[in-house]
Amino acid sequence: LIPPLNALWDYLKDGPRLGAALKPSLGLQWYDQDGGRSEHRKTGYEPGFANARHLNQYHPPKPMWLDFREDHIRRAFNHDWSKPKLIASATRLSRGAWCIGAFVDLEGVLCSQQFFGLWPEEPLTTSQLFALSAILNGPIANAFLAMNSPKDRFRVSVVRDIPIPVLLPTKLAELAEEYITRVNDISILDNSDGELQVLLAQIDAEVMKAYDLPLKLERQLLAYFEGADRPVAHVWKHWNESYPVPGL
């Protein structure tokens with residue numbers, strides 16, 4: 001039995017990888033895990049994200065206060081937390097095809113080991129970070145991780161090995177930034193599911209265009225997501241339900 005999408009991974013095998021642009025590393029680990037987080041501000045604690053369970057793609061979970069006292073931290077204290085980066089779930093958000101969520105962090109916040117911090121290997125513009133968040137939240141990255149990861153969490157080596165496009169389209173960054181602005185505006189979420197779905201489909205289409213896949217491979221990839229729930233902050237329908245055409 002040939003595993004699904006083998007032809008796709010074969011097609012992308014000589015292309016660039018996420019690790020060339022971003023360096024993923026697990027977040028903070030404390031000697032006392034329970035004492036590492038707080039709902040309330042305390043001396044030595046800084047803003048950050050503790051729990052990946054309620055993470056949506058592009059949309060961070062509720063922030064908390066994380067212990068940032070060096071003698072309390074077992075691992076990851078010495079990262080340059082203040083720098084712009086992506087933050088992504090290190091634990092699978094589901095056992096299905098949509099398994100990872102990522103968002104842009106321009107504020108320099110902390111995160112626990114339930115997340116990866118992904119720091120630029122070379123200086124990146126804000127637009128490039130937004131474009132890379134769309135790549136990481138997109139179909140190819142999710143399918144790659146779903147097929148190459150154990151059922152609970154991701155390995156750093158596999159995240160580094162995610163195929164990325166040769167070029168990041170400017171339009172992709174613009175669409176991702178617009179979507180993030182809108183999805184973070186809670187007041188519009190009540191009545192804008194349709195608009196957000198359309199915007200997300202446009203992002204996905206730009207992502208697919210950037211990879212420049214043969215139509216047959218694109219159709220196989222899109223079919224892989226049929227019946228899968230997507231971790232986004234609004235209703236999501238599979239592309240074929242909304243756009244019954246071959247490919248995106």
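**Labels and what backs them**

Modeller: Let me start with Cys99, which counts as buried because its relative accessibility is 0%. Buried means under 20% relative accessible area, exposed over 50%, and partly exposed in between (1.4 Å probe, protein chains only). As for the ground rules, this is a predicted model, where local features need pLDDT of at least 70, side-chain atom pairs count only at pLDDT 80 or more, and totals for chains, interfaces and linings use all residues. Residues are numbered from 1 along each chain as its sequence is written, and side-chain values use heavy atoms, with hydrogens and water left out.

Colleague: Where is Cys99 found, and what is it in contact with?
Modeller: Cys99 is found in the loop between β7 (85-89) and β8. Contact means heavy atoms within 4.5 Å. Leaving aside neighbours within four places in sequence, Cys99 is in contact with residues including Arg92, Asn142, Leu145 and Phe154. Cys99 and Phe144 are 45 residues apart in sequence, and 9.8 Å separates them in space, C-alpha to C-alpha.

Colleague: Why is Ser133 called buried?
Modeller: Ser133 has 0% relative accessibility, and therefore counts as buried. Ser133 is found in helix α2, and beyond its neighbours within four places in sequence it is in contact with Tyr58, Leu86, Val104 and Ile180.

Colleague: What lines the largest pocket?
Modeller: Phe49, Tyr58, Pro60, Phe103, Val104 and Phe130 are among the residues that line the largest pocket. On a 1 Å grid over the protein atoms alone, a pocket is an open set with protein on both sides within 12 Å along at least five of seven lines, and lining residues have an atom within 4 Å of a point. About 280 Å³ of space lies in the largest pocket; a volume is the space filled by probe spheres set on the points, which are joined across faces, edges and corners. Strand β8 (residues 102-105) gives the largest share of that lining, three residues.

Colleague: How many residues line the second largest pocket, and which lie nearest its centre?
Modeller: The second largest pocket is lined by 16 residues, with Gln128, Ala131, Leu132, Val166 and Leu168 nearest its centre. The elements giving two or more residues to this lining are α2 (126-136) and α5 (170-183). The largest share, four residues, comes from α2. The space in the second largest pocket is about 180 Å³.

Colleague: How do you know that the radius of gyration agrees with a compact globule?
Modeller: With 248 residues, a compact globule would have a radius of gyration near 18 Å, and the protein chain has 18 Å, so the two agree. The radius is taken over C-alpha atoms, and the globule rule is 2.2 Å times the number of residues to the power 0.38. Along its principal axes the C-alpha trace spans about 55 × 40 × 35 Å. Of the 248 residues, 50% count as buried.

Note on methods:
1 Å grid on protein atoms, 1.4 Å probe; cavity = no way out; pocket = protein on both sides within 12 Å on 5 of 7 lines; lining within 4 Å.
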